[in-house]
Amino acid sequence: MSDLTSMSVRALSKMLESKEISSEELTISYLERIASLDRDLSAYITVTADPALCAAKESDKRRKRSESLGVLDGIPFSVKDNFCTKGIKTTAGSRMLENYIPPYTATAIRRLTDKGCVLLGKTNMDEFGMGSLCMNSYFGPSKNPADKKRATGGSSGGSASSVAASMAAFSIASDTGGSIRLPAALCGVVGFKPAYGAVSRYGLTAFSPSLDTVGVISRDVSDCDAVYSVICGRDEKDATSIDVKRNKKSADRLAVGIISELIDRPLDSTVRSAIQKKISNILLLGADSPTVSIPLIERAAECYYIISSCEASSTLSRFDGVRYGYRADDVSDIDELYRSTRSSGFGREVKKRIMLGSFALSSGYYDRYYRRALLYREALCREFDRAFEKFDLLVAPVYGSTAPLLSDPPSAEKLYQEDIFTTPASLAGLPSISIPCQAKSELPIGIQILCKKGDEDILFSFSKTLLAEEGVLYE
Amino acid sequence: MNKEKIDLDAIAALSGLSVNEFERDSLYSDMLNMISFAESISSIVIDIHPKEISTTAACKMRRDIPKESLDRYTLLCEARSVSDGRYFSVPSAIKDREEKS
């Protein structure tokens with residue numbers, strides 16, 4: 001029954017509906033696959049086998065009574081370990097929360113379990129979402145299923161790896177500056193970052209609240225759409241959440257723009273060739289695809305690092321060793337408790353970003369960095385608005401190379417610069433999807449498609465056509 | 001920006017962190033690189049007045065109605081140190097007079 005684990009959510013749902021398989025059998029298949037593969041891949045930090053089997057049995061009982069909760073009832077999934085799950089360890093990839101067990105569940109996860117989804121476990125990630133390769137986890141790096149010597153991309157590396165290696169039907173992850181799209185691209189799966197606010201952030205461990213979004217990693221676009229439809233929508237517990245009105249618009253003869261500042265950047269030859277091939281396919285599909293210039297994109301990564309680090313210096317101030325999480329021993333007073341707990345509880349990358357944020361917000365530097373970054377973000381949003389007056393969709397690479405070797409990762413500076421591909425959509429709060437654009441036998445490469453808020457149906461429809469053009473990856 | 005003037009200990013203090021001697025040099029170098037990277041944003045011409053900054057957030061507030069919250073026991077469960085079964089316990093916040101002198 002191992003074939004089950006590589007099927008799409010739609011196919012599995014049909015089999016569950018026709019009682020060809022049970023959710024319990026399906027869940028056991030995934031758990032067996034996790035047991036056999038995850039020792040090498042380190043996609044999961046915590047596997048919740050017993051609760052998963054209980055949930056699967058409940059789903060089977062509902063189906064027997066013809067009381068199915070919908071297409072996702074009985075489908076097993078994984079969750080990035082920065083979403084709070086009641087009674088289940090939630091570490092955010094950090095020593096600071098190594099043994100933290102939350103007393104409540106994040107809205108996005110609750111909406112899925114309310115629809116009968118079966119939680120298989122919590123996935124590996126860069127500490128607090130800070131990283132591009134999933135090599136900053138306190139629990140060690142996750143490894144790429146396409147080549148275990150290579151990184152998965154980050155920060156949601158465990159989520160992407162769990163889906164790519166068929167250790168979950170889909171995964172819920174967060175994307176602050178590319179954390180869903182990048183690992184999805186490097187692992188060869190679909191990764192969707194919704195518009196800012198489209199999915200509630202309640203219960204998501206905050207990194208940068210004005211940029212954090214909750215999205216989906218899946219095997220194909222239809223699965224992504226089905227999951228997104230369940231988790232999206234206004235939540236009273238998140239004041240920034242909204243109901244996104246999805247525009248009904250024909251996907252025929254779309255105007256598709258290639259972002260020149262991103263396509264003209266240095267790209268590995270394999271990446272350039274795969275992207276160019278996809279662009280040729282876009283032309284064959286009948287879409288217009290001239291290039292479009294969004295000049296401010298050139299400094300998107302810098303702006304992202306200023307804003308996200310400033311916000312992180314504030315959001316991570318809650319970790320003080322008093323109410324929950326790691327606490328340093330042998331301290332004499334409260335000040336030493338704070339300093340010692342935070343210095344030994346946070347990893348190096350997190351400390352660097354907190355310090356950059358504190359510096360950029362400090363007296364004498366606030367105007368120069370933070371306020372300027374806010375102005376830049378506003379100007380970038382306006383440039384995107386102008387681009388979307390002419391185009392329905394925008395296309396760009398996701399990353400400049402294939403997955404880097406774990407033994408030879410790029411420098412931190414190079415990684416920051418590479419974030420130029422994914423941070424523009426984050427800064428502008430736009431929906432963006434990464435879909436595979438390379439044959440399964442080769443190292444995965446992704447192509448990114450952006451749309452304006454409300455045009456998600458067009459985005460999904462176009463992405464499906466583009467994927468189907470070379471055959472659906474998994475069926 | 002004069003890179004030589006970065007005061008690592010002052011930034012660490014603002015961040016609620018301390019820097020040990022083993023990591024000082026490499027952290028200093030990393031901070032210089034990050035600040036230098038961020039610095040390039042100052043070279044862009046942006047024709048927007050600060051008052052024009054909008055937010056991507058909806059910020060639709062819910063009605064302010066008291067609801068049942070988590071109980072004290074549940075909240076104290078995750079703390080490393082609890083006093084009297086009712087309070088979070090922390091080391092001394094005010095040093096006594098002898099220690100100060």
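Trainee: Leaving aside its neighbours within four places in sequence, which residues is A:Lys352 in contact with?

Mentor: Its contacts are A:Ala412, A:Tyr416, B:Leu27, B:Asp30, B:Met31 and B:Met34. Keep in mind that this is a predicted model. A:Lys352 itself sits in helix H12 of chain A, residues 348-361.

Trainee: Why is A:Lys352 called buried?

Mentor: Compare the value with the cut-off. Buried means under 20% relative accessible area. A:Lys352 has 4%, so it is buried.

Trainee: What makes the pair A:Lys352 and B:Asp30 a salt bridge?

Mentor: The rule asks for a side-chain nitrogen of Lys or Arg within 4 Å of a carboxyl oxygen of Asp or Glu. Here the N to O distance is 3.7 Å. That is within 4 Å, so the pair counts as a salt bridge.

Trainee: How many salt bridges does the rule find across the interface of chain B and chain A?

Mentor: Six. The interface also has 19 residue pairs in polar contact, both residues at pLDDT 80 or more.

Trainee: Which element gives the most to the side of chain B that touches chain A?

Mentor: H2(B), with eleven residues. By class, that side of chain B has 31 nonpolar, 15 polar and ten charged residues.

Trainee: How much area do chain B and chain A bury between them?

Mentor: About 5400 Å², with 64% of it on carbon and sulfur atoms. B:Met34, B:Phe37 and B:Glu78 supply 14% of the area that chain B buries against chain A, more than any other three residues. B:Met34 is also one of the contacts of A:Lys352.

Methods: Residues numbered from 1 in each chain as written. Chains lettered and ligands numbered in written order. Predicted model: local features only at pLDDT ≥ 70, side-chain atom pairs only at ≥ 80, totals over all residues. Heavy atoms only, no water. Buried area = accessible area lost by both parts, 1.4 Å probe. Polar contact = N/O pair within 3.5 Å; in protein donor to acceptor, adjacent residues only side chain to side chain. Helix = DSSP H or I, 4+ residues; strand = E, 2+ residues; numbered from the N terminus. Nonpolar A, V, L, I, M, F, W, Y, C, P; charged D, E, K, R; others polar. Buried < 20%, exposed > 50% of the residue type's maximum accessible area, 1.4 Å probe, protein only. Contact = heavy atoms within 4.5 Å.
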